[in-house]
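Subject: The model we talked about

Hello,

Here is the structure I promised to send over. Please open it beside this email, and then read on for what turned up.

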Amino acid sequence: MTQTVEAPHQSPAYASRGSSHFDILVALMAVVIVLSNIGASKGVVLGPIITDGGFFLFPIAYIVGDVISEVYGFKAARRATLMGFGAALFAVVCFWIMIKLPGFTDDYGVAKQAALEGAPGPVWQIVLASVLGFVAGQLSNAWVMSRLKARTHERGLVLRLMGSTGVGEALDTIIFCTIAASAIGITSFGQWANYTFFGFLWKTLVEYAFVPVTRLVIGWLKQHEPSYQEALASA
């Protein structure tokens, strides 16, 4: 009787997050998140589309998250997400202190105070929306990528990037737009639906459009991360 010998289970390869490349990616994600939260306090109307001032920045955070998830793994992506929003929360505290500090009482000083209260002032609500939305979206995005990579290893990168984007952006956009809507002046369900639908569509299409660039960055990092090559050789 012939016995079938099963191949040993192979774990997907990931680089160590002790690399300087990881530090750069985390710093980039943090900067993008902070700037996106500030920009999101401004409502923007582009023809029939309702969006916010951070619409062109936020997809970059997800692209960086995809790179981290693919090269460094789910735990590293979770760490980067939490560190990014630690920076965002710190920014909110700093804005609150700046607003509360006594300023000049002349007309120029009063105008500057009003501008500061009107722009970074609502950022706390944007950050709350961003924290809940991005944590849910980014972690689900990273989880989907890691589960797919566990099945396909180095194959199917485009499938991982596109599949995880749809899941992550859907959760992120619904949560973010629901909480942040009032901060940018949205008052009706129709405006919320417009804001949510076009926000999801825009961010998803941007990520899809950048898939070739994301693949190149991931490929470069895999080649230049010694720990990734070591993990790949031992997988």
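One definition before anything else: two residues are in contact when they have heavy atoms within 4.5 Å of each other. Helices (H or I, at least four residues) and strands (E, at least two) are DSSP runs, numbered from the N terminus.

Please keep in mind that this is a predicted model, in which local features need pLDDT of at least 70 and side-chain atom pairs count only at pLDDT 80 or more, while totals for chains, interfaces and linings use all residues. Residues are numbered from 1 along each chain as its sequence is written, and side-chain values use heavy atoms, with hydrogens and water left out.

The overall picture

The protein chain has 9 helices and 2 strands, and along the sequence they come in the pattern α-β-β-α-α-α-α-α-α-α-α. Its C-alpha trace spans about 90 × 40 × 30 Å along the principal axes. Of its 235 residues, 43% are buried; buried means under 20% relative accessible area, exposed means over 50%, and partly exposed is in between (1.4 Å probe, protein chains only). Among contacts with a separation of 6 or more, 80% join residues 24 or more positions apart.

Helices H6 and H7

How do H6 and H7 pack? Helix H6 (residues 157-180) and helix H7 (residues 189-209) meet at an angle of about 150°, with their axes 9 Å apart. Axes here are lines fitted to C-alpha atoms, for helices over the stretch in contact, and angles run from 0 to 180 degrees between N-to-C directions. H6 and H7 are therefore roughly antiparallel to each other, a label used for angles over 145 degrees, with under 35 counting as roughly parallel, 65 to 115 as roughly perpendicular and the rest as oblique.

By class, the contact of H6 with H7 has 9 nonpolar, 7 polar and 4 charged residues. In that count, Ala, Val, Leu, Ile, Met, Phe, Trp, Tyr, Cys and Pro are nonpolar, Asp, Glu, Lys and Arg are charged, and the others, Gly among them, are polar.

H7 itself has 21 residues and reaches 30 Å from its first C-alpha to its last, close to the 30 Å expected at 1.5 Å a residue. That expected span is 1.5 Å times one less than the number of residues. The buried residues of H7 are Asn194, Tyr195, Thr196, Gly199, Lys203, Thr204, Val206 and Glu207. They pack against strand E2 (49-52), helix H2 (58-72), H6 and helix H8 (211-224).

Helix H2 and its surroundings

Ile63, Asp66, Val67, Glu70, Val71 and Tyr72 of H2 make the contact with Thr214, Val217, Ile218, Leu221 and Lys222 of H8. These residues divide into 7 nonpolar, 1 polar and 3 charged.

Asp66, in H2, may interest you: it is buried, at 3% relative accessibility. Leaving aside neighbours within four places in sequence, Asp66 touches Asn141, Met145, Leu161, Ser164, Thr165, Glu207 and Ile218. Asp66 and Leu161 are 95 residues apart along the chain, yet their C-alpha atoms are separated by 6.8 Å. Ile60, also in H2, is partly exposed at 34% relative accessibility, and its C-alpha is 9.5 Å from that of Phe210, 150 residues away along the chain.

A few other residues

Is Gln138 buried or exposed? Gln138, in helix H5, is buried, with a relative accessible area of 1%. Beyond its neighbours within four places in sequence, it contacts Met29, Ala61, Tyr62, Gly65 and Thr81.

His153 sits in the loop between helix H5 (123-152) and H6, and its phi is near 55°, a positive value in a residue other than glycine. Gln10, in the segment before helix H1 (20-39), is 143 residues from His153 in sequence and 8.7 Å from it in space, C-alpha to C-alpha.

Best wishes
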